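Work through the exercises below with the model open. Each task is followed by a stepwise solution.

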Amino acid sequence: MRFSGLRVLKEGLTGNKGWQGHWRDASPKSDYDVVIIGGGGHGLSTAYYLAKEHGITNVAVLEKGYLGGGNIGRNTTIVRANYFLPGNSEFYSHSMKLWEGLAQDLNYNVMLSQRGQIGLFHNDGQRDAAIRRGNAIRNQGDDAELLSVPDLKRMLPYLDYDQSRFPIYGGLLQRRAGTARHDAVAWGLARGASERGVDLIQNCEVTGIDIENGTVKGVQTTRGAIRAGKVAVIVAGRSGQVAQMAGMRLPIESHVLQAFVTEGLKPCINHVVSFGMGHFYISQSDKGGLVFGGDLDMYASYAARGNLPIVEHVMEAGMTLMPMIGKAKVLRSWGGIMDMTPDGSPIIDKTDTRGLYIDCGWCYGGFKAVPASGNCMAHLVATDTHHEAATKFRLDRFAMGHGLMDEEGTGAQHNLH
Ligand SMILES: Cc1cc2nc3c(=O)[nH]c(=O)nc-3n(C[C@H](O)[C@H](O)[C@H](O)COP(=O)(O)OP(=O)(O)OC[C@H]3O[C@@H](n4cnc5c(N)ncnc54)[C@H](O)[C@@H]3O)c2cc1C
């Protein structure tokens, strides 16, 4: 089923009876070339690119719940390519380029909205750091612009510029950054993988990983054993638990991250605004809700919900930055489980078990990585070599101590990222 303007018109005039399901709800076969554990954004993206770019279609994606029920459906949808360090910068640059063609590629509207993302700074030292970051981003081939206070006042007239604690000195803008509709990304990738022959199997929890003589042989699931030539673990916040099934201890802590949305309002916030010092960021969804969030809840947990101290902290930060949001009513809040690495950068690598691969450590920034992560992971699984955009996401950097990519300079502590 192809989507097009003509199709929408035809269906609209004929009672919308011709739409079909977006993917096949498959039952597990006994044997696959590749089994992907985890039907989140990264698992679905890996399946899609395995089929599309490598012709590997005897693939199953095993999801313990429903497709898109994890962090892919819980995030605040920000996409950007403004990373500073080699390793991260080329990867997110690659991801942004894939984002820009994704809707056409999938024939599915992922609602990419390149409305620009602005990171604020509040003193001279931070301005220096922003200039340096901007130069690094431009050297990478992506866009960055330094904004003065008058520039900002034109674009974001609703900010409180003279608050005593964090007066605003300027901002770093990336115009190509913005948001995309998270569910549509999951559904579009699922549809693209399924129509190429990938089996998407929901309500199928992996409970064990079968390994013989150092080689992976398959998985145990709540729907029976499945043999596999290769197994890719792509389970975000559950990475530590699933890796343990293969006897691995990952350098990952799982933490809660919350987000909030208000009632729908008329358009008032036209960009993504990040207030790093206050741990607050905000954008406005196409439905009109103000979507915002802040920092981790700061304790390790597998609960996909958070606690009140962070709610209070985020609301305070929002009120400090833009007092006008005090008039909006918060409708909902929710949480997701973040797979935090010590250096805040991800892992896309082989493991010591032959045929077992891992893609994790996305911390609170893995939505923007969905296209490139799947693209690079598929390359690794298919060819056993690293994609050129993801050569530095090595698992052994935590054991060796070199090659760490501490983007935020906060040191090797999970809950500081
Ligand atoms: C509140 C919040 C805001 C965020 N905001 C942003 C943002 O603005 N921009 C950004 O770039 N990133 C953001 N993120 C981060 C981003 O959502 C995640 O990094 C990313 O979605 C993680 O990858 P995923 O989509 O594959 O994870 P998930 O969707 O969680 O997928 C993992 C899947 O694995 C499944 N699974 C786990 N264990 C098993 C098992 N044993 N067997 C089978 N299946 C299993 C889970 O059920 C789940 O569906 C945010 C996250 C949260 C929670």
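**Exercise 1. Which side chains does Ser-93 join by polar contacts, at 3.0 Å and at 2.9 Å?**

Solution. 
- Step 1. Keep in mind that this model is predicted.
- Step 2. Take the 3.0 Å pair: the side chain of Ser-93 makes this polar contact with the side chain of Lys-97.
- Step 3. Take the 2.9 Å pair: here the partner side chain is that of Asp-142.
- Step 4. Ser-93 sits in helix α3.
- Step 5. Check the cover. Ser-93 has a relative accessible area of 1%. The cut-off for buried is under 20%, so Ser-93 is buried.
- Step 6. List the contacts beyond four places in sequence: Ala-81, Gln-140 and Asp-142.
- Step 7. Tyr-83 is ten residues from Ser-93 along the chain, and their C-alpha atoms are 8.5 Å apart.

**Exercise 2. Is Glu-11 buried or exposed, and which backbone nitrogen does its side chain reach?**

Solution. 
- Step 1. Find Glu-11 in helix α1, residues 5–13.
- Step 2. Read its relative accessibility: 3%, so Glu-11 counts as buried.
- Step 3. Follow the side chain of Glu-11 to the backbone nitrogen of Lys-17, at 3.4 Å.
- Step 4. Collect the contacts of Glu-11, leaving out residues up to four places away: Asn-16, Lys-17, Gly-18 and Trp-19.

**Exercise 3. What should α2 and α6 span at 1.5 Å a residue, and what are their end-to-end C-alpha distances?**

Solution. 
- Step 1. Start with α2. Its 14 residues should span 20 Å. The end C-alpha atoms of α2 are 19 Å apart, which agrees.
- Step 2. Turn to α6, residues 182–195. Its 14 residues should also span 20 Å, and the end C-alpha atoms are 20 Å apart, which agrees.
- Step 3. Check the cover of α2: eleven of its 14 residues are buried. Among them are His-42, Tyr-48 and Tyr-49.
- Step 4. Gly-197 follows α6, and its phi is positive, near 110°.

**Exercise 4. Which residues lie closest to the ligand, and how much of the ligand does the protein bury?**

Solution. 
- Step 1. Count the shell: 38 residues surround the ligand. The closest are Glu-63, Asn-71, Ile-72, Thr-76 and Lys-368.
- Step 2. Sort the shell by class: 18 nonpolar, 14 polar and six charged residues.
- Step 3. Assign elements. α2, β12 and β16 each supply at least two shell residues. β12 gives the most, with three.
- Step 4. Pick out backbone atoms. An N or O of the Lys-64 backbone is 3.1 Å from a ligand nitrogen. An N or O of the Asn-71 backbone is 2.8 Å from a ligand oxygen.
- Step 5. A polar side-chain atom of Thr-76 lies 2.8 Å from a nitrogen of the ligand.
- Step 6. Finish with area. The ligand taken alone exposes 1000 Å², and the protein buries 96% of that.

Key:
Residues numbered from 1 in each chain as written. Predicted model: local features only at pLDDT ≥ 70, side-chain atom pairs only at ≥ 80, totals over all residues. Heavy atoms only, no water. Helix = DSSP H or I, 4+ residues; strand = E, 2+ residues; numbered from the N terminus. Expected span 1.5 Å × (residues − 1). Near = heavy atom within 4 Å. Polar contact = N/O pair within 3.5 Å; in protein donor to acceptor, adjacent residues only side chain to side chain. Areas by Shrake-Rupley, 256 points an atom, 1.4 Å probe, with all protein chains shown as cover. Nonpolar A, V, L, I, M, F, W, Y, C, P; charged D, E, K, R; others polar. Buried < 20%, exposed > 50% of the residue type's maximum accessible area, 1.4 Å probe, protein only. Contact = heavy atoms within 4.5 Å.
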